[in-house]
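Here are a few notes to go with the model, for anyone opening it for the first time. Have a look around first, then read on.

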Amino acid sequence: MVMIRPVAVGVVHEFEGVMLKIFFKKEEELKALVYEYLKNVANIEAHFSKAMEIFLEQGMCDDCGFLTEQTHKHESRADDIREEINLLMYGKALIPESREDIMRLLEAVDEIPRRMELVLYMIQTQKLAVPDFIIPDTRELIQVSLQSCDLMAKQIDLMLRKKDGVKELMDTIDQNESHCDHIERRIISKVFDSNLDPFEKMQLKEMAVYLGEISDQADRVSKRVNIIAIKRRV
Amino acid sequence: MLALLGAGFLGWSLGANDASNVFGSAVSSRMLRFRSAAVLAAVFVVLGAVLQGRAGIETLKGLTGMNLSQAIVSSWAAAVTVTVMTLLRLPVSTSQAVVGAIVGVGLMNRHMNLSGLGKVTACWFGTPLGGMIAAVIVFKVLGALYNRLEIDLFQSDAFLRGALVVAGSYGAYALGANNVANVTAVFVGAGYLSAFSATLIGGVSIALGILTFSRGVMETMGRKLIKLDPFSALVVVLAEAICVHLYTVIGVPVSTSQAVVGAIIGVGLVKGITTVSRRTLGHIFAAWFVTPVLGGLIAAVLHIAMHLRYVPAG
């Protein structure tokens, strides 16, 4: 009896899985695409993080350039997946309200890789050099922003699986966003207190603002996710 | 067959107008194609009419005694009432128009079953109330079950879509079972049709209305329900179906639109929000009085016109 029960439970779960795939074919396809999109965004974040780490240590180099191109490649792939998702949704997957929610959510998420790409291209095309006195703050800003992005991805997963904890993650992302604002202001103050060339000051300010926008956008997305989760509560 | 023209028209307009109450939200939100919704609604309306339509017919035919010409008068009077009120863009209930017409003819005959009439009018007032109570219960029970389901957002959407199709089909069944009496009951009372053929002819005429002319109403009226979230829209359709089905068992034809309004109020009560404007409530009150009175007046006028005789002068 003791031996049979776990086997029986396993068979029931297997059966449930097969039935779900039969009855919710389009929805399963859509779910796979949404998770593929999120995985792709995580890849972009990983490449961005590595590229920035190398840039802060060595300045612009071949490795950094390669990672910038990789980021762009993944960003294009993310756009393609988003297009596939939209087409599938308008092919009658999901109810209209959810279609709009998912579409707008992915549009908002997409702003994050776009900003990362923007920072990397800015560094590459404007031959930016980050002075030593702001490197620790810049590292911290990147690290906290990426942490917010990770939390945002977790929050989206919880919302999609209709699990609790969405609001708590939103609060943490909100705190991170305030923290990033402080770091961003600190970097800008240090830059303008320095003896750098005014043109360099403007470049570094722009970089700090773009980096700060990553956590701002993660915060906006998390608030949207929270609203979608609330709307779905019965 | 010519005698049944008025009834056929009444059934057709009933199908064209009232199918929106059961499949409007699914069609206007493009969760379901119109063709699929119309076919499902037509099939279930005929099933409901044939399987459970007799109780309403017994009630309406018992309101007064009629011969064939009086049955024709009352069915045309109801059909004209529904058309006039629709053209004037006034809210109208076919059930109330039919009863008004029957009463009009009954008064001309000086023969009315007052206890039967009391039961019918009491049920009219109880329809929005029934829809409201059903919605509160359905929301609580279905909500508890829905929250326990271990499904993600994607599966939950497919579940809601499927549930809306099932609830809509049940609603169509209840519509056919409840409202078929409006279409052909008077002809059973006049001895022109058997109860079975009355349910079949009535059901088919409602189904024809759904198949040929319900698209526009479904798409426009359904948007009213879509303002609610998908789960609430499901609750409204299911509560309306349950309410109308209960009145079918009691044997009184009622207004599906008024049951829907009641159900929307019920959802608002559970969620603590205002879902129905005072204007809509005012429309229901107006429909309660204006429709049967107009139906009765038109029936009386037609009855008098039928009995006019040409008397040569001198």
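1. Overall size of chain B. This is a predicted model. Chain B has a radius of gyration of 20 Å, and a compact globule of 314 residues would have one near 20 Å, so the two agree. Along the principal axes, the C-alpha atoms of chain B fill a box of roughly 85 × 35 × 30 Å.

2. Burial and contacts. Of the 314 residues in chain B, 60% count as buried. Take the contacts in chain B with a separation of 6 or more: 86% of them join residues 24 or more positions apart.

3. Helix H5 of chain B. This helix covers residues 68-87, 20 residues in total, and reaches 28 Å from its first C-alpha to its last, close to the 28 Å expected at 1.5 Å a residue. Its buried residues include Gln70(B), Ile72(B), Val73(B), Ala77(B), Val80(B) and Val82(B). What do the buried residues of H5(B) pack against? Their partners are helix H1 (5-18), helix H6 (94-109), H8 and helix H13 (278-306) of chain B. Just after H5(B) comes Arg89(B), with a positive phi of about 60°.

4. Helix H8 of chain B. Do look for the kink of about 55° in H8(B), which is centred on Val183(B). H8(B) is mostly covered, with 31 of its 37 residues buried. Just after H8(B), Gly191(B) takes a positive phi of about 75°.

5. Where chain B touches chain A. The contact takes 18 residues from chain B and 17 residues from chain A. On the chain B side, helix H7 (114-148), helix H8 (153-189) and helix H11 (230-250) each supply at least two residues. Which helix gives the largest share of that side? That would be H8(B), with 8 residues. By class, the side of chain B that touches chain A has 8 nonpolar, 5 polar and 5 charged residues.

Definitions and conventions
Residues numbered from 1 in each chain as written. Chains lettered and ligands numbered in written order. Predicted model: local features only at pLDDT ≥ 70, side-chain atom pairs only at ≥ 80, totals over all residues. Contact = placed C-beta atoms within 7 Å. Helix = DSSP H or I, 4+ residues; strand = E, 2+ residues; numbered from the N terminus. Nonpolar A, V, L, I, M, F, W, Y, C, P; charged D, E, K, R; others polar. Expected span 1.5 Å × (residues − 1). Buried ≥ 20, exposed ≤ 12 C-beta atoms within 10 Å, placed from the backbone. Rg over C-alpha atoms; globule rule 2.2 N^0.38 Å. Bend = angle between axes of the 7 residues up to and from the residue.
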